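Reader: I am new to this structure. Please take me closely through one part of it.

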Amino acid sequence: MRFMELLYYPGCTLKTSAKDLEATAIKIAEELGYSFKEMEEWNCCGVVASLTSDDLMHHLAPLRNLIHAEDEGADKIVVLCDMCANTLKQTSLRVKESKDDLETLNSFMDKENDYKGTIEIVHFLEFLRDEVGFAQLKKKVKKPLKGLRVMPYYGCVLLRPREVAIDDAEDPVIMSDLLRALGAEVVDNPFKIECCGSYHTIDEKEATSKRAHRITNFARDRGAEAIMLSCPLCRFNLDARGKEAEKIFEGYEQIPAFYYTQLIAIALDLDIDACGFDSQEVDPLPLLKDKGVVE
Amino acid sequence: MSTAAEKDCRHNEKNLAPEIKGRLIDELEDLCEEDIFGCYQCGTCAAGCPFVEEMDLTPDEVLRYVILDKKEVLNSRTIWLCSSCFACAERCPRDINITVVMEALRQLILRKNVDETDIECLTEEEKRKIPQIAFVSLFRKNIG
């Protein structure tokens with residue numbers, strides 16, 4: 001089988017605490033006929049976009065990655081981390097909208113070529129919807145997630161600012177559509193687009209645990225048994241900080257949080273070891289066994 | 001047992017906000033292009049803010065403080081609790097990007113070489129467990 005190559009930008013977290021997201025995405029891509037080719041040279045994107053109008057310096061790191069992608073002859077890069085995708089897209093947008101800014105940034109590139117503005121940044125979730133198609137993905141499902149009631153969770157950076165969003169900023173459907181393609185039942189939740197607490201997981205732990213509780217509890221009351229999400233920081237907050245919320249709210253039990261790639265990998269009956277479930281605070285295996293989708 | 005991680009990482013109780021000589025609105029003009037005077041205090045930003053319960057000033061109050069040149073806004077916890085989720089910016093009926101205003105207020109302080117977060121309070125276990133993107137973004141937002 002001949003694989004179609006996709007240039008892949010990983011970012012720091014995919015190589016450390018989100019290896020499970022990377023491993024499952026690579027397996028899914030292969031199953032669908034694509035291979036991830038990791039960029040030969042990449043650096044940290046800076047994680048958060050530079051917001052003040054005079055701060056061009058923090059666009060240098062994301063732009064350098066886009067230049068490396070152009071150097072490799074690509075016209076797009078696939079990104080797994082929501083924060084990286086957002087930051088790269090915001091820099092790409094800024095230089096598209098301002099030729100002056102692009103010129104200034106290019107003048108700082110001593111060793112690199114100038115950026116020509118040709119790279120499209122594609123989140124893998126977008127790729128699955130737009131290039132593979134959920135209908136096509138559905139055909140590959142070997143173990144439908146029948147009876148599994150899942151709350152989709154988007155968080156912020158997939159949807160905001162709307163100029164770089166992968167779906168409607170207030171009423172997204174991409175995750176619900178994916179869940180239905182996998183055979184799962186969708187449990188909707190008004191908190192699905194609210195921030196998980198983000199980096200406050202370091203300096204505001206209790207407030208972040210309360211966020212995890214607020215986001216999950218409503219859906220849990222409506223019968224959700226699991227959460228599906230895409231961002232490594234959301235996963236940590238809804239898993240680890242959510243588990244700590246059990247100590248704050250009496251009787252509360254955190255439900256497992258899956259990356260969308262983990263749920264796809266299970267539905268496509270791929271190697272379960274790639275899912276790395278042992279790294280999660282809330283063990284998802286009992287639920288999956290109960291539903292009969294893993295042994 | 002109290003661990004280093006349970007220690008407060010925040011500095012702002014110590015009133016670290018620097019003295020700003022000019023009017024706040026003028027200082028902010030160089031950092032963001034938002035029409036802060038356009039705010040009519042509807043409170044939509046506060047209604048949708050995920051951290052509003054923890055804040056001492058609601059986001060609309062922050063804008064009002066800026067308009068009235070009440071510089072104590074720089075000692076508010078609110079500007080540090082904002083996690084730049086863009087919910088307020090997305091919903092503001094006056095099209096004010098409040099997320100950007102919050103960043104500009106943080107920058108006014110950080111650019112005076114003031115750190116909001118004390119990174120010494122992090123334990124080895126936390127450094128190992130918490131995703132790297134959390135550290136990089138916290139440092140970008142809270143370290144001058």
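Author: What follows looks at one helix, then at a helix pair.

This is a predicted model: local features need pLDDT of at least 70, side-chain atom pairs count only at pLDDT 80 or more, and totals for chains, interfaces and linings use all residues. Residues are numbered from 1 along each chain as its sequence is written, and chains are lettered from A and ligands numbered from 1 in the order in which they are written.

Start with helix α1 of chain A, residues 19-31. Helices here are DSSP runs of H or I, at least four residues, and strands are runs of E, at least two, numbered from the N terminus.

Several residues of α1(A) are buried, including A:Leu21, A:Ala25 and A:Ile28. Buried means 20 or more other C-beta atoms within 10 Å of a residue's own, with C-beta atoms placed from the backbone. The buried residues pack against β1, β2, α5, α10, β8 and α11 of chain A. Just after the helix, A:Gly33 takes a positive phi of about 95°.

Now follow α10(A), residues 232-248. It packs with α9(A), residues 205-221, at about 95°, their axes 8 Å apart. The two are therefore roughly perpendicular, a label for angles of 65 to 115 degrees. Axes are lines fitted to C-alpha atoms over the stretch in contact, and angles run from 0 to 180 degrees between N-to-C directions.

Technical notes. Parallel < 35°, antiparallel > 145°, perpendicular 65-115°, else oblique. Expected span 1.5 Å × (residues − 1). Buried ≥ 20, exposed ≤ 12 C-beta atoms within 10 Å, placed from the backbone. Contact = placed C-beta atoms within 7 Å.
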